[in-house]
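The sequence and structure are shown first.

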Amino acid sequence: MDTELIQLKEVTKTFGKNCVLDSINLSIPENQITGIIGASGEGKTTILKLLIGFYKPTSGEVSYLRRNVFKAMKDIEKCFGFATEDGSFYNKLTVRENLFYFARLYGIKTAKIQDAVEDIINLVELQDAINTLAEELSIGMKKRLDLACALVHDPKILIMDEPTEDLDPLLRKQMIDLIRKIKKQGTTIVLTTHLLNEMDSVCDKIAILFNKKIVEDGPPAKIKKKYGQATLDGVFRKIFSQRVRERYKEKRRGKKQEEPEEKSPFPSLKELKEVLGRR
Amino acid sequence: MFNLLNIIAKNFKILVRSKLSALVILLAPLLIVLLVGMAFNSSELYGINIGIYSPSENELTTSILTSFEEQSFTIQKLESEELCINSVKEGKTQICVIFPEGLSIEGTTDPVTFHADKSRVNLAYTLINDINSQISTKASELSITMTQALIDVVDEAKTNLIPKTESVSTAISDTTSIETKSDTISSSIPQVSALISSLGEAKNITEDLTCTNQTLVDDLEEQIDSVLTDLTNLESSTTAFTQIATEIKSKSSSTKTTLSELQTSLNSLSEILNNVKVTEAEKVVSPIKTEIQSISTDSSNLSYLFPTLLALIILLASIILSSTMVLRERKTKAFFRNFMTPTSDFVFLLGTYLTCLIILLIQLAILLAAAIFWLKMPILSVLASTGLILFISATIFIFLGIAIGYSFKSEETSILASIGIAALLMFFSNTILPIETIAEKFKYIALFNPLVVSNSVLKKMILFKADLMSVLPELYILLIAVAVTFVLAFLAREFTKRRA
C-alpha cells in the first residue's frame with residue numbers, strides 16, 4: 001500500500017468573500033505522480049500553495065506525514081520543491097547564479113553546491129545556457145530553469161504548477177519526458193494542468209477539480225472506465241455537462257421555492273444561452 | 001552568515017544589471033552635492049527686494065539705505081505705508097521697512113517697523129536680523145560720533161585746567177612774598193619814628209652847641225630841621241603806608257586762603273579727571289562691547305546646511321531605497337521560492353538591510369569625500385563619531401522603509417507612503433519650518449523625531465565639534481528608534497509574506 005505523504009481534509013479556502021475551494025479532500029501518495037486537473041481559475045494553484053503552507057486554509061487541515069503543515073514547516077521547506085507556472089527565479093541573474101543562490105538558501109553545503117548545480121543542469125539540459133541571464137532564455141528554457149531551481153536541493157516531493165503551459169508540442173513532450181525522469185529518481189510529484197490528455201499517460205493518480213470541489217479522484221484508467229470515456233478530455237467534458245445540468249436543476253428548484261407559480265419544466269432559450277454563456 | 005552574503009551579493013548583481021538604477025544610486029548623491037554646493041556655498045542672500053517707506057528723507061535715512069544696497073539688497077522706495085505692506089503681500093518685496101517721521105541724527109522715540117511675510121518664516125527672520133543689524137550699526141556710529149564730541153570737550157577742559165593750577169600756585173607764592181614784604185615795611189616804620197626822635201634829640205644838642213660855632217651849628221640845625229621836616233612828612237606817609245600795608249596784608253592773606261582753597265579744589269578736580277579711565281567714545285556708548293559672531297567658524301550657508309543635507313539624504317535615500325527594494329523583491333517571482341527555502345525571515349530582512357546600508361554608505365562616502373576635499377569642510381576630526389550617527393540614522397530609516405515596503409502592495413502606493421512619511425518627518429523638524437513654530441504638544445513629539453535628533457546630533461558634531469559623550473541622550477533616543485523600527489519591519493514582513 002502506498003504511503004500517503006500529504007492529506008487535505010475538508011479544506012476550504014476563501015479570499016475575502018470569494019470561496020475558491022469548498023471542503024475538498026485529497027491525498028497524495030508517495031513515489032507517484034498526482035495530477036490535479038481542472039479548468040483555469042478553478043483553484044488548482046491554490047491547492048498547491050496550501051500543500052506547502054504558503055496559504056492557510058480557511059477551514060480544514062493540510063497535513064504532511066500526518067502532521068499539520070504549519071507545524072512541519074521546517075520539513076516542508078527542506079523536502080518540497082515547487083516549480084511555478086511563470087518561473088520563480090531572478091531574471092537579472094544567470095542560470096548558474098540562480099541555481100547557486102537557491103542552493104545556498106536551501107542550505108546545501110558549499111563543497112556540494114557545485115556538484116548539485118552541475119547534476120541539475122545536466123538533468124534539465126541547460127548546459128549551453130549556464131551563463132545566460134534568465135531573462136534572455138526561451139520560454140522552454142525558463143520552465144526548465146524553474147524546475148532546476150525547484151530540484152536543486154534534491155526534494156522528496158516536487159510540486160509543479162502547469163509545467164506544460166505555454167510550451168509548443170515538442171517542448172511539451174520534452175517536459176513530460178523530464179517529469180518521468182524525475183519520477184524515476186524516486187521523487188513524488190504533484191502537478192496541475194488543464195491539458196488533460198498529456199497527463200493521462202504521466203499521472204498515476206488524478207484529481208478532477210470542478211466548481212470548488214474535487215469531483216473525481218483516482219487512477220486515470222479507473223476514472224475513464226467509470227465515465228465510459230477513452231480520454232480524460234472526454235471524462236472532463238462529461239463531468240462538466242453533468243454538473244451544468246445539476247446546477248441548472250438546483251437553480252430551477254431554488255426558483256420554484258421562491259416563485260410558487262407553475263412554469264414550464266424546460267429551460268427557455270434565453271436561460272440556456274445564459275448557462276452556456278457562463279462557460 | 002553565508003546566506004546573508006549570498007542574499008547581499010544577489011541584490012547587488014540585480015542592482016548593477018539594472019544599469020539605470022545603478023547609475024541613479026551612485027550618481028544621485030554626487031549630483032546633489034554638486035547642485036547644493038553650487039547653490040548654497042555662500043553667506044549671501046540673493047534677489048532680496050526691500051520695500052522702503054520713509055516720510056522724510058535726510059542724511060540718516062539715505063545712509064541706512066546705502067548700507068542696505070551695499071548688502072546687495074534691492075531698494076524699492078514706496079509712496080505710502082500701505083503700498084509698502086502690499087508689496088510684501090504681493091511678493092514684490094520680501095520685507096517692508098517703515099522709517100518713523102523725524103528719524104534724524106538727534107534720534108526719535110518711534111521705532112523702525114518691519115513688515116515681513118511670516119509664511120516664509122526662515123527668510124523673514126533672517127532678513128529682519130540682517131536689516132536690524134544694519135540699522136543698529138548706523139545707530140552705533142551716530143552715538144559714537146556724538147559721544148566723541150562730548151569727550152573732546154572734557155579733554156579740552158582737562159588740558160586747560162592743569163596749566164591754570166600751576167598759575168594759581170604761582171599766585172599764592174607771590175602773595176606770600178607780598179605779605180612778607182609788607183611785614184618788612186611795617187617793621188621798618190617804627191625805626192623811622194625812632195630816627196625822627198633821635199634827630200629831635202640831636203637838634204636839642206645842637207642848641208647847646210650854639211656858643212661854639214654858631215654858623216656851623218645854624219647850618220647843621222637848618223639841615224636837621226629840613227631832615228626833620230622830611231622825616232615828619234615821611235612819618236605821616238608811613239602811617240598811611242602802614243595802613244595800606246596792613247590792608248595789603250589782610251587782603252593778601254584772604255587771597256591766599258581763597259587761592260589755597262581753589263588749589264585744593266583744582267587738585268581734587270584734577271584727581272577726579274585723572275581717575276576717569278574712559279578715553280574712547282565707543283566705550284561710553286557700549287561699556288560692554290558686543291559683537292555678533294557666528295557660533296561656527298565656517299561662514300558659508302552650505303556649512304550650516306551640510307548636517308541637515310546629510311540627515312535629509314539619509315532619510316530620503318534610506319526610506320525610498322529600502323521600500324523600493326523590498327517591494328521589488330516581493331513583486332519578483334523569485335519571492336515565492338525564497339519563501340519556500342529554509343532560510344529564516346530574519347536573514348532575509350538582514351540581507352535587505354545590509355544591501356541598503358552598503359549602498360547608503362557608498363553614497364555617504366561620496367558625500368563626505370566631496371565635503372572634505374572639494375568644499376574643504378573641517379570634518380575629519382569628527383569623522384568617526386559622525387560616521388556612527390550616520391550609521392544609526394541610516395539603520396532607523398532603512399528599517400522604516402522596509403516596514404513600508406512590506407506594508408503596501410503596489411510600487412506606487414509604497415513610494416507615495418515613503419514620500420508621505422518622509423515629508424511628515426520633515427514637517428515636524430527644522431527642515432521646512434523652525435521647530436519653534438510648531439505648537440507646544442507637537443513640538444514635544446517632534447523632539448523625538450529621528451530626523452530632528454539625527455540632524456541635531458550631526459550639527460553638534462560637524463559644526464560645534466561635540467564628542468559622543470555630550471550627545472548621549474540623543475544617542476539613546478536613536479538606539480530606541482532602531483529597535484522600534486526593526487520590530488516594525490520584522491512584523492510587517494511576518495504579517496504580509498503570505499499575501500504575495
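In chain B of this predicted model, 77% of the contacts between residues at least 6 apart in sequence join residues at least 24 apart. The secondary structure of chain B consists of 15 helices and four strands. Of the 500 residues in chain B, 27% are buried.

In chain A, six strands make up an open sheet with mixed pairing, and their order is E6-E7-E8-E3-E9-E10. Strand E6 (80-83) and strand E10 (213-218) of chain A are the edge strands, each pairing on one side only. From one strand to the next, the twist averages 15 degrees.

Within this sheet, strand E7 (residues 157-161) of chain A pairs with strand E8 (residues 188-193) of chain A in the parallel sense, over five bridges. One residue pair can be named here: A:Ile157 has A:Thr188 in E8(A) as its bridge partner. In general, the strands of a sheet pair through backbone hydrogen bonds, in either a parallel or an antiparallel sense.

| Helix | Strands touched | Angle |
|---|---|---|
| Helix H1 (residues 44-51) of chain A | strand E3 (33-38), E7, E8 and strand E9 (205-210) of chain A | about 155 degrees with E8(A) |
| Helix H5 (residues 139-151) of chain A | E6 and E7 of chain A | about 170 degrees with E6(A) |

Terms used:
Residues numbered from 1 in each chain as written. Chains lettered and ligands numbered in written order. Predicted model: local features only at pLDDT ≥ 70, side-chain atom pairs only at ≥ 80, totals over all residues. Helix = DSSP H or I, 4+ residues; strand = E, 2+ residues; numbered from the N terminus. Buried ≥ 20, exposed ≤ 12 C-beta atoms within 10 Å, placed from the backbone. Contact = placed C-beta atoms within 7 Å. Pairing = 2+ DSSP bridges. Axes fitted to C-alpha atoms, helices over the stretch in contact; angles between N-to-C directions.
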